Amino acid sequence: MSTDATFRFRANTTVGGGHAIRCMTLAEELAGLGWDCMLECNAEAPEVVGALRRCSVPLAPLEQDRPSRLVVIDDYGVDATTEQGQRARTERLFVIDDLADRWHLCEALLDPTPGVSPSMHETNIPAGCRMLLGPRYAPLRSAFRHARQAALARREPDGINRVLVMPGQADQADLASLSIRAVRAALPHAAIDLVLGAGAPHLKRLRGEAGPGPGLTLHVDIDAAAMADLMTRADLAIGAGGGGALERCALGLPTILVIVAENQRYVAAGLVDAGAARLAGRIEEIDAGHLAAILAGLSDDLSALKAMSDGAVSLCDGHGARRFAMACVAPEPLKSGACVVLRKAELEDAEAMHQWQSDPETRRYARNPEVPDWQEHVAWLKGRLDAEDCLFAIVEEDARPAGLIRLDRGAYGTEVSIVIAPESRGRGLGRAALGLARNLVPRDRLTAFVKPENTASMRLFAHAGYAASDDGLLHHDSKVA
């Protein structure tokens, strides 16, 4: 029996836990949409990354070769040669790569690095490979998008009273100790929260330094909700340039960055260019005095701290995992040869949506026949884009916006709403969009409201397998038995 999606990665005290967290986040997002997912990793990974032991997605060894409709690989040691070996078990292969230093054999590539450009990857991937680039695609756990509003509401600092130290899961370089000495020298009254993984080699010694009061509080293997809460309450972070850097951006937390691994230099450069962070330097090149001087300078310049927060907020909104999930749905081909895909709807799509929804033929068969007011439309759209129970997608034909489809998920089913742009009708996009929606939530019970006099839509939904019911809605049961 095959899975819908399998994620392959390694985690240990050398490579850290970033690959594991990214894969776990994306797997949990797809699992929440009804996909059957699996995490394949080395035996040491759950010991290094405690979140894997709590993860709802099952774990399996890397040696497993179970068929999967989609395989996602996040591993710096893997290139096209290894990926070719995965082809016997899967229809589609995605790669997560933020180094751009090797050839890949994949249908899509994800690189959430700030400032990344297509030119960095295009010579390393096959023609037609879909590139998912930049912090908009950062695979952050849902706790961070849930906490975003509360976190941003308190980003008007009156001082640096709480510092969050995030040196990475393993912290081989002991950035934790360096950071603690710097904070105590520059900000003796500030509380310090230190986050580490259970496998960190310096953990035992650091436990002895932790204590009550405004000193040091140690947090080991905490879950995403607790991590988001610590970020929300902090005024400043000292951290490495791994996956946690973009989590901090989503919550507007300004950061002093320290590069502890070569691959982090790209993330660090992107964050600094965006004004989201202050770069202290490489771990081997700095000392506590240098870090303390940066802390003292920011403590005396709260406007600089606020500017860093604003720069961070603009980079990442926390919805990257959902954007990735929509990209995971296999394209639907049209008779013309064009390909139809879904991408997450954005506020930038508001004008096109308003035009489509104002079309007389669309309004004629809508529940509310009145043309939506522009301001009301924008306010409504903002609410639906942030709603956890709403999957709002743009239907694209060969990368051109051609309509929208919305899935409102509830306890008793998921209601489908679809609008195809007037100029795109009659080419099979409605059929393709309904197929994509079905595959996005393969186990949901779908419903749709269609007025009986709307004969074209009635035919469309009937062709897609929907049937009328006594409740006045059309129904489509789960795709998977």
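These questions and answers go through a predicted model, from its salt bridges to its sheet and several single residues.

Student: How many salt bridges does a search of the whole structure find?
Tutor: Side chains of opposite charge can pair when their charged atoms come close. The cut-off is 4 Å between a side-chain nitrogen of Lys or Arg and a carboxyl oxygen of Asp or Glu. With the whole structure searched, the count is 41.

Student: Which residue forms a salt bridge with aspartate 65?
Tutor: Aspartate 65 sits in the loop between E3 and E4. Its partner lies in the loop between helix H4 (80-86) and strand E5 (90-96), so the pair ties together parts 24 residues apart in sequence. The closest N and O atoms are 3.8 Å apart, and the partner is arginine 89.

Student: Is arginine 89 buried or exposed?
Tutor: Take aspartate 65 first: its relative accessible area is 54%, so it is exposed. Buried means under 20%. Arginine 89 has a relative accessible area of 5%, so the word for it is buried.

Student: What is the N to O distance in the salt bridge of arginine 265 and glutamate 262?
Tutor: Arginine 265 is partly exposed, at 29% relative accessible area. Glutamate 262 is partly exposed as well, at 45%. Their side chains meet in a salt bridge, N to O, at 2.7 Å.

Student: How many residues apart are glutamate 415 and arginine 367?
Tutor: The two side chains meet in a salt bridge at 2.8 Å, N to O. Glutamate 415 is in strand E18 (residues 413-420), and arginine 367 is in the loop between helix H15 (360-364) and helix H16 (374-386). The pair links distant parts of the chain, and the separation is 48 residues.

Student: What is the nearest side chain of opposite charge to arginine 155?
Tutor: Arginine 155 lies in the loop between helix H5 (142-153) and strand E8 (162-166). It is buried yet has no salt bridge. The cut-off is 4 Å. The nearest side chain of opposite charge is 5.4 Å away, and it is aspartate 235.

Student: Which backbone oxygen lies 2.8 Å from a polar atom of the side chain of arginine 155?
Tutor: Contacts of arginine 155 include Met231, Thr232, Leu251 and Gly252. Its side chain reaches the backbone oxygen of glycine 252 at 3.1 Å. The backbone oxygen at 2.8 Å belongs to methionine 231.

Student: Which are the edge strands of the open sheet of 8 strands?
Tutor: The order is E14-E15-E16-E17-E18-E19-E21-E20, with mixed pairing. An edge strand here pairs on one side only. The two are strand E14 (332-333) and strand E20 (467-468).

Student: What is the bridge partner of threonine 447 in E21?
Tutor: Strands of a sheet pair through backbone hydrogen bonds, either parallel or antiparallel. Strand E19 (residues 446-448) and strand E21 (residues 474-476) run antiparallel, joined by 3 bridges. In E21, the partner of threonine 447 is histidine 475.

Student: At about what angle does helix H13 run to E15?
Tutor: Helix H13 (residues 320-327) lies across strand E15 (339-344) and strand E16 (390-397). The angle to E15 is about 165°.

Student: How far apart in space are isoleucine 21 and glycine 244, C-alpha to C-alpha?
Tutor: Isoleucine 21 lies in helix H1 (residues 18-32). Its relative accessible area is 12%, so it is buried. In sequence, glycine 244 is 223 residues from isoleucine 21, yet the C-alpha distance is 9.6 Å.

Student: Where is histidine 219 found?
Tutor: Histidine 219 is buried, at 17% relative accessible area. Beyond four places in sequence, it touches Asp193, Leu194, Val195, Leu196 and Leu230. It is found in strand E10 (residues 216-220).

How values were computed: Residues are numbered from 1 along each chain as its sequence is written. This is a predicted model: local features need pLDDT of at least 70, side-chain atom pairs count only at pLDDT 80 or more; totals for chains, interfaces and linings use all residues. Side-chain values use heavy atoms; hydrogens and water are left out. Helices (H or I, at least four residues) and strands (E, at least two) are DSSP runs, numbered from the N terminus. Buried means under 20% relative accessible area, exposed over 50%, partly exposed in between (1.4 Å probe, protein chains only). Contact means heavy atoms within 4.5 Å. Two strands pair if DSSP finds at least two bridges between them. Axes are lines fitted to C-alpha atoms, for helices over the stretch in contact, and angles run from 0 to 180 degrees between N-to-C directions. Lys and Arg count as positive and Asp and Glu as negative; His and the chain ends are not counted. A polar contact is a pair of N or O atoms within 3.5 Å; within protein, one must be able to donate a hydrogen and the other to accept it, and residues adjacent in sequence count only if both atoms are side-chain atoms.
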